[in-house]
Amino acid sequence: LGGSTGRPQLLLIHGGSFLYEDPTFEPLTRGRAIAAGFVPHYVSYPLDNLPAAVERVRAEARRLRQKFGLDRVYAYGSSAGASLAALLSGDDLVSSAVAKAPISELTTWDWPTAKYGSEYWEALGVDTADRERLSPIRRPQLAPLLVIQGRADNVVPPAMNETFAAA
């Protein structure tokens, strides 16, 4: 996009249980991001590897910070991507972030093991200690973070993010 250096940069991070890309994410967010004045940057992160996904979004945030400055870099993510956006906020790698239905407590999120089986977390390359370390609720949020959560969400329990918002 021409003239993007003065415009705020927005990292957009898809959901998908850390396993899948969400094909609807970019079509639903691109026009809105541009209309709001942002330059969108879609982050493709490694699937089936949670530590690599975290490192990928951190690297992209660092790259944009170096190029545009911290005050020009923001993040938005949905579900699994919201967890990654919240981690960027906690790491102070973005000016602020919005997390729509983040999995804020990875150690108590039972939905994926019921859906994908008991080996879900192992398949993502994380153990309990990793899940604790990577849970946004267990980390201070150094940059402003807005958490959005639907009350009827059947994947991410609303109570999880009520607790996160109150922390």
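1. A residue is called buried here when its relative accessible area is under 20%, exposed when over 50%, and partly exposed in between, with a 1.4 Å probe and protein chains only. By that rule Asp 130, with a relative accessible area of 19%, is buried. The model is a predicted one, in which local features need pLDDT of at least 70 and side-chain atom pairs count only at pLDDT 80 or more, while totals for chains, interfaces and linings use all residues. Residues are numbered from 1 along each chain as its sequence is written, and side-chain values use heavy atoms, with hydrogens and water left out.

2. Strand 1 (residues 9-13) is mostly covered, 5 of its 5 residues being buried; helices (H or I, at least four residues) and strands (E, at least two) are DSSP runs, numbered from the N terminus. In a regular strand the side chains alternate between the two faces of the sheet.

3. The bridge partner of Ile 13 in strand 2 is Val 43. Between these strands the chain passes through helix 1 (residues 25-35), and this β-α-β crossover is right-handed, that is, the path from the first strand over the helix to the second runs clockwise with the strands pointing away from the viewer. Strand 1 also runs parallel to strand 3 (residues 73-78), to which 5 bridges join it, and Leu 12 stands opposite Tyr 76 in strand 3.

4. The whole structure holds 8 salt bridges, each being a side-chain nitrogen of Lys or Arg within 4 Å of a carboxyl oxygen of Asp or Glu. In one of them Arg 58 meets Glu 55, with the closest N and O atoms 3.0 Å apart, and both residues lie in helix 2 (residues 50-68), 3 residues apart, about one turn of the helix. Arg 58 counts as buried because its relative accessibility is 11%, whereas Glu 55, at 42%, counts as partly exposed.

5. Helix 2 also holds Glu 60 and Arg 63, again 3 residues apart, and their salt bridge has its closest N and O atoms 2.8 Å apart. Glu 60 is buried at 10% relative accessibility, while Arg 63 is partly exposed at 39%.

6. In helix 6 (residues 128-133), Arg 133 and Asp 130 lie 3 residues apart, about one turn of the helix, and form a salt bridge with the closest N and O atoms 3.2 Å apart. Arg 133 counts as partly exposed, because its relative accessibility is 44%. Elsewhere, salt bridges that share partners join Glu 55, Arg 58, Asp 91 and Arg 139 into one network.

7. The lining of the largest pocket comprises 19 residues, of which Leu 10, Leu 12, Thr 29, Arg 32 and Tyr 76 lie nearest its centre. Strand 1, helix 1, strand 3 and strand 4 (96-100) each supply at least two residues of this lining, and the largest share, 5 residues, comes from helix 1.

Conventions
Pairing = 2+ DSSP bridges. 1 Å grid on protein atoms, 1.4 Å probe; cavity = no way out; pocket = protein on both sides within 12 Å on 5 of 7 lines; lining within 4 Å.
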